[in-house]
Amino acid sequence: QVQLVESGGGLVQAGGSLRLSCAASGRIFRLNAMGWYRQAPGKQRELVATIASGGNTVYADSVKGRFTITRDNAKKTVYLQMNDLKPEDTALYYCNAEVHTTLLKSGSYWGQGTQVTVSS
């Protein structure tokens, strides 16, 4: 199995910054795309940012210019640097990873979520 462990959430004032981390472990043959999603109360889970194994990135329009996703393949870790945070960024942030557990078998895995709360 594959485990994703997130850290770095917390409470911050508007305009502040936080850095989320997500470390993957377990049966990993190849770590493919990794990403961050978020879910606010009463809303659907939405994409925040993704990064391919080669480094290509995709961002939600709402976070472009404020958030940066990076990864360290040697550490099997993905990061989300969040700057200029706004109250509307308040949500439970989930890490996601597309993983080949064997040469032929792959799956999508989720972390347990880390809370980000931005006060106005």
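**Notebook: strands, sheet and disulfide**

I first read the order of elements from the N terminus, and the protein chain runs β-β-β-β-β-β-β-β-β-β-β. The secondary structure comes to zero helices and eleven strands. Here helices (H or I, at least four residues) and strands (E, at least two) are DSSP runs, numbered from the N terminus.

I note that this is a predicted model, in which local features need pLDDT of at least 70, side-chain atom pairs count only at pLDDT 80 or more, and totals for chains, interfaces and linings use all residues. Residues are numbered from 1 along each chain as its sequence is written, and side-chain values use heavy atoms, with hydrogens and water left out.

**Entry on the sheet**

I looked up which strands join in a sheet. Four strands, in the order β1-β3-β8-β7, make up an open sheet with antiparallel pairing. Two strands pair if DSSP finds at least two bridges between them. At the edges I found β1 (2–7) and β7 (67–72), each of which pairs on one side only. From one strand to the next, the twist averages 15°; the angles run from 0 to 180 degrees between N-to-C directions, and the axes are lines fitted to C-alpha atoms.

I then examined one pairing in detail. Strand β3 (residues 18–26) pairs with β1 over six bridges, in the antiparallel sense. Within β3, S25 is the bridge partner of Q3.

**Entry on the disulfide**

I asked how many disulfides the rule gives. The count comes to one disulfide, a disulfide being a pair of cysteine sulfur atoms within 2.5 Å. C22 and C95 form it, with their sulfur atoms 2.1 Å apart. The link is left-handed, with -80° about the S-S bond. It joins distant parts of the chain: C22 lies in strand β3 and C95 in strand β9 (residues 91–100), 73 residues apart.

Are these two cysteines buried or exposed? C22 has 0% relative accessibility and therefore counts as buried. C95 is also buried, with a relative accessible area of 0%. Buried means under 20% relative accessible area, exposed over 50%, and partly exposed in between (1.4 Å probe, protein chains only).

**Entry on the whole chain**

I recorded that buried residues make up 42% of the 120 residues. Of the contacts (heavy atoms within 4.5 Å) with a separation of 6 or more, 55% are between residues 24 or more positions apart. Along its principal axes the C-alpha trace spans about 50 × 25 × 20 Å.
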